[in-house]
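Hello,

Here is the structure I promised to pass on.

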Amino acid sequence: MYLTKEEEKILSGELGEALQLAMKSVVKVGDALGAEKLVKITNAHISGISYKNIGDAGLEFLEDLVNKGARVSVPTSINPAGFDLKSWYSMNVDRDFYAKQMKVINSLVKMGIKPTLTCTPYFYSKIGFGEHIAWSESNAVLYANSVIGARTNRDGGPLALFEALVGRAPYVGLHVDEGRLPQLIVDFSNVGRFIFKNGFYQVAGYITGKIAGNRVAIVDGLKINKAMVSELKLFLAAVGASGGTGLVLIPNVSPEYKEDNARGVEERVKVDKDDLEDVVNMFSAKEPEAVVIGCPHLSLGEIEDILRFVERYGGAKRRLLLFTARANEKILGRLKGVLSKNNVEVYYDTCMVVSDLRRYVSNSIVTDSAKAAYYLSSQGYSVKIMSRQSALKYAVGREHED
Ligand code: F3S
C-alpha cells in the first residue's frame, strides 16, 4: 500500500507507540482488503463500548492504549453504554459492573473522545455529502452512507478507534466510487402500500438485509422519503441487523440514487406479503409485559410525538421505556412532569440491548425495532414486534381498538 511520508513516520513509531500500533492495524486491514492507499477522515464513531459486550479484555485493551498515550485526531463519538449514567441505581446495576463500565468510558474520554453515548451520531455530528468518516455502528453507517451520502465502511469498534487515532481509513469498499455501485434490487412494489399502512418499515429492513447480505442494494417500491426519519431509522437499523451491507440506495432518500443506477443491475428480488408475515411471526411473544422504544435512539421530535400519543389516552398502563441521547436531557427535563404523569420512562446513555433489561424491566417485551427484536431474542428474551403505533396502543392498554 502507498503511504505518505507522515504515514510512514507513524508506522515506524516516530510519533509514539499508540499511533504506531493503530497504524499497523489500519494498514494490515487495508492490505487485506486490497486498498491502494489511506484516506483522511473527518469524524469517527465507535460502537461496542458497553462493558456487557467487551468485558475485562476490552477494558484492559483500552487502558493499555491510554497508558501508551493514545489521543484521537478527529472528532470522535461513542455508542450507548450498559446503563444510564445518572439513574443507574434504578436499573438494578451491579456495583462491579458500574465501576468497570465507568472505567471504559473514562479511558475513552482520556483519549479525547466525546462521551455522547448514542447510536445516532448523524443527529449530532455535522457530517456532509462525500465526506470520508470511520463509523462502526451499523445503523449509523447505513444512515451516513444511504441518507447523507457520506462515506464509511462498516468497521468494527476497535478498527474505528484505530482509525480515529491515525485520522485515516483504508481507501477501499464504500470509500471508493466502485464500491458504492448497486449489485441487486430489492423490490417492494407489491407491498409498498401495505408496509406504509402498517408501519412495517423495520420488517422491510430486516428482509432487505437478509437478501442483500454484504452487497449494495437498491430498495425499490418502498413508500418512503427523506422526511420520514423515524421510518428510515427503523428500516436501516434492521438492514444492519440481518445483513452485512453498509449502503442501500433508496429513491427520494439517497443522494446517490439515480435511475441510471438500476440499469446495469440484473438481479431483482421481489418481496411479498408472506415474507413480511414470516418476520412478524418470528417475533410474536404472547402477552409481553413492557414496551421498549428507541432502537436506534429516539430524536427529541420522536419523543414529543410519543408523549402526545400517550397523553391522548390518559397515560401508559403498561411500562413504557424510551431510550435517547443525553444531548436531549436539557429539553426533556422541561417535560419531566408530564412524562412522569403519563408513566413514560426515559433512559439516556444506554439502550434495551446493551443494558440488562431483565434486572429492571422484564424478560418479555414489545418493541417497534427489528434490530432490538433480533438481538433481544438472541439473548433469550420473549419479544413481540409491532409498528410504533401498535406498540404505543399496547402501552396505553388500547391494543384491541382500531
Ligand atoms: Fe442503538 Fe442499541 Fe439499537 S446501540 S441501534 S439502540 S441496539
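To start with a term: a residue is called buried if its relative accessible area is under 20%, exposed if over 50%, and partly exposed in between, using a 1.4 Å probe and protein chains only. Please keep in mind that this is a predicted model, where local features need pLDDT of at least 70, side-chain atom pairs count only at pLDDT 80 or more, and totals for chains, interfaces and linings use all residues. Residues are numbered from 1 along each chain as its sequence is written, and side-chain values use heavy atoms, with hydrogens and water left out.

Aromatic rings

Both Phe-309 and Tyr-313 are buried. Rings of Phe, Tyr and Trp (its six-membered ring) pair if their centres lie within 6.5 Å; planes under 30 degrees apart are stacked, over 60 edge-to-face, and the rest tilted. By this rule there are 16 aromatic pairs. In one of them, the ring centres of Phe-309 and Tyr-313 are 5.1 Å apart and the planes lie at 45°, so the pair is tilted. Tyr-347 and Tyr-360 also make a tilted pair, with 5.4 Å centre to centre and 55° between the planes. This pair links distant parts of the chain, 13 residues apart: Tyr-347 sits in strand β12 (residues 344-348) and Tyr-360 in helix α15 (residues 357-360). Helices (H or I, at least four residues) and strands (E, at least two) are DSSP runs, numbered from the N terminus. Tyr-347 and Tyr-360 are both buried. Ring pairs also join Tyr-51, Phe-83, Trp-88, Tyr-89, Phe-97 and Tyr-98 into a cluster.

The ligand

Which residues surround the ligand? They are Asn-79, Pro-80, Cys-119, Glu-137, Asn-139, Gly-294, Cys-295, Pro-296, Cys-351, Val-353 and Lys-371, where near means that a heavy atom of the residue lies within 4 Å. Strand β10 (residues 290-298) gives the largest share of this shell, three residues. By class, the shell has six nonpolar, three polar and two charged residues. Ala, Val, Leu, Ile, Met, Phe, Trp, Tyr, Cys and Pro count as nonpolar, Asp, Glu, Lys and Arg as charged, and the others, Gly among them, as polar.

Helix α17

Six of the eight residues of helix α17 (residues 388-395) are buried, so that the helix is mostly covered. The buried ones are Arg-388, Ala-391, Leu-392, Lys-393, Tyr-394 and Ala-395. After α17 comes Gly-397, with a positive phi near 75°.

Happy browsing!
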